[in-house]
Amino acid sequence: MEIVEKLIAELGSEKVLLGEALSERYPHIWSMDTPLIAKAVILPNCTQDVCTITQICNEYRQRIIVHGGLTNLVGATVSQENDIVVSLEKLNKIIEVDHVGRTMIVEAGVILEKIQNDASEKDMLFPLNFGAKGTAQIGGCISCNAGGMRVLKYGMTRNQILGVEGVLANGTVINSMKKIIKDNSGYDLKQLFIGAEGTLAIVTKAVLRLREKPTSRNCAFIGFNDFTKVTEFLKYVDGSLGGKLSCFEVMWHSTYKALTSSPSLLDPPLDYQYDYYVLIEALGGHPEQDSQHFSEVLEDAITAELILDAAIANTASDLNWFFNIREDVGVLKAGPYHDQHFDISLPINDIGDYVENTLEQLSKIEQIDVAYAFGHLADGNIHFLVMKKNLSDNLRKEINKIVYSPLNDLKGSVSAEHGIGLDKKSYLNISRTTAELDLMKLIKRSLDPNNILNPDRIFDLN
Ligand SMILES: Cc1cc2nc3c(=O)[nH]c(=O)nc-3n(C[C@H](O)[C@H](O)[C@H](O)COP(=O)(O)OP(=O)(O)OC[C@H]3O[C@@H](n4cnc5c(N)ncnc54)[C@H](O)[C@@H]3O)c2cc1C
């Protein structure tokens, strides 16, 4: 029996999309006009379906490409003609919210923003937050160990996950779904699946850690002309706010300008006279006191000439306005050019010089229209979005060389939070030693000996 017939026989035809139905689907939210290429798309709606799919695919040595919300920025969800795509979109239930234990149990396909909203309605916080929250699924966030804008205070996805249920390539369910924070009973197996980019298991459920919902939220845009002052200010403001600082997002001048001028509909909170702009957020528990303290901390910074100017969000709509400026980075892609993304990590002290040198070298390439720099400075994480006039492979490699070459000496990483996918695997050896890569491959071969789960992602096995 052909594999597709077998899948239909076991799962029912409504869960197996073929032929014309595939042309309505796409490999990424930024290429919705590109029809998906695959043998079939399977839509499981329970863990047992995922077991059935993996067992059959393992038996047939069939490659599986896992689809979450399709918002990754590393080419991870692209498939080939003979691939079977497994999309988690029907596993979309919030199973339980425990406001005493401060946990939420969810299926992998639940959208991040729904989790945030449901937690908020129960006066709790799920702190993971980034621009694609309205589309990214929690299974995708777990598989990429997503970061975002509140890592400084709460950590990455890894820090928000208490339990994971994952299905291995041979159909075995690894149920590590405890609602406990501490568990040193042997290896912490769920961590194997977090950040594995779907190469070791298909994540089907998770236990999320919720936090108390802050009752105060203060936010400001700050202007600087000297990058050393930006890093000094980070240390000052984090200390002065006594643990309340939750986000510290830097934008270089051209990025800030593009995010706050047409086609963006958002106005600039500060005018365009500064070289660097920083968005900060503080979360606390005493609304009046916190707001007054926040203003005083910024006034003192102006008096001490640490910062040049500050625009403080005074209303809930100001808060949305300020955050939307940082979150709506899709607007940077407007225009006729092709985009190339970077997500690098390096020590905070090296960021100023590194970005300046990198932007200078990129500006000398005639085939680049503009290179935007921005990022989660407190996490040592900078993004570049390079807008190119053509798609040539040589140009792509030339740009990669400029961005990645210094990272080895700086002991940085080619991926801070987006992962490796297909796009960055040739550069993985900049961040990892041969022994580390060998261990990763050993784990992959042990858990997925037929290399069926997201093959070719992160590294090639040969
Ligand atoms: C505008 C924008 C802003 C962004 N900002 C940030 C940011 O600040 N921080 C950040 O970290 N990322 C950011 N991203 C990247 C992206 O949103 C995250 O990587 C996100 O976690 C991907 O989730 P997804 O559901 O879309 O996964 P997908 O893109 O569908 O998949 C990502 C990878 O995970 C695998 N996968 C998906 N679901 C599962 C599952 N259930 N089991 C096993 N494997 C699975 C896929 O095969 C793929 O390898 C941004 C993206 C956009 C478009």
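## Ligand surroundings and helix packing

Student: Which of the 34 residues around the ligand come nearest?

Tutor: Keep in mind that this is a predicted model. Of the 34 residues around the ligand, the ones that come nearest are V66, G69, L70, T71 and N454.

Student: On to the helices: are α13 and α14 roughly parallel or antiparallel?

Tutor: Start with the geometry: two packed helices are described by the angle between their axes and the distance between the axes. For α13 (residues 348-363) and α14 (residues 393-410), the axes are 10 Å apart and the angle is about 155°. Angles over 145 degrees count as roughly antiparallel. So α13 and α14 are roughly antiparallel.

Student: How many nonpolar, polar and charged residues are in the contact of α13 with α14?

Tutor: On the α13 side you have D350, Y354, T358, Q361 and L362, which meet I399, I402, V403, P406, L407 and L410 in α14. Sorted by class, that contact of α13 with α14 comes to eight nonpolar, two polar and one charged.

Student: What hand does the crossing of α13 and α14 have?

Tutor: This is the pair that packs at about 155°. As α13 passes α14, the crossing is right-handed.

Student: Where is K411, the non-glycine residue with a positive phi?

Tutor: K411 has phi near 55°, a positive value in a residue other than glycine. As for its place in the chain, K411 is found in the loop between α14 and α15 (428-431).

Student: Are α1 and α3 roughly parallel or antiparallel?

Tutor: Helix α1 (residues 3-11) packs on helix α3 (residues 47-59) with axes 10 Å apart, at an angle of about 155°. The cut-off for roughly antiparallel is over 145 degrees. That makes α1 and α3 roughly antiparallel.

Student: How many charged residues does the contact of α1 with α3 have?

Tutor: The α1 residues are I3, K6, L7, E10 and L11, and they meet D49, T52, I53, I56, C57 and E59 in α3. Split by class, the contact of α1 with α3 has six nonpolar, one polar and, for the charged class, four.

Student: How many nonpolar residues are in the contact of α9 with α11?

Tutor: Helices α9 (residues 227-240) and α11 (residues 287-303) cross at roughly 150°, and their axes come within 11 Å. F233, Y236, V237 and S240 of α9 make the contact with H293, V297, L298, D300 and A301 of α11. In that contact of α9 with α11, two residues are polar and one is charged, while the nonpolar ones number six.

Student: Where does P263, at the end of the cis peptide bond from S262, lie?

Tutor: The peptide bond from S262 to P263 is cis, with omega near 10°. P263 lies in the loop between α10 (253-259) and β14 (276-284).

Key. Residues numbered from 1 in each chain as written. Predicted model: local features only at pLDDT ≥ 70, side-chain atom pairs only at ≥ 80, totals over all residues. Heavy atoms only, no water. Axes fitted to C-alpha atoms, helices over the stretch in contact; angles between N-to-C directions. Helix = DSSP H or I, 4+ residues; strand = E, 2+ residues; numbered from the N terminus. Parallel < 35°, antiparallel > 145°, perpendicular 65-115°, else oblique. Left-handed = near helix turned anticlockwise from the far one by under 90°. Contact = heavy atoms within 4.5 Å. Nonpolar A, V, L, I, M, F, W, Y, C, P; charged D, E, K, R; others polar. Near = heavy atom within 4 Å.
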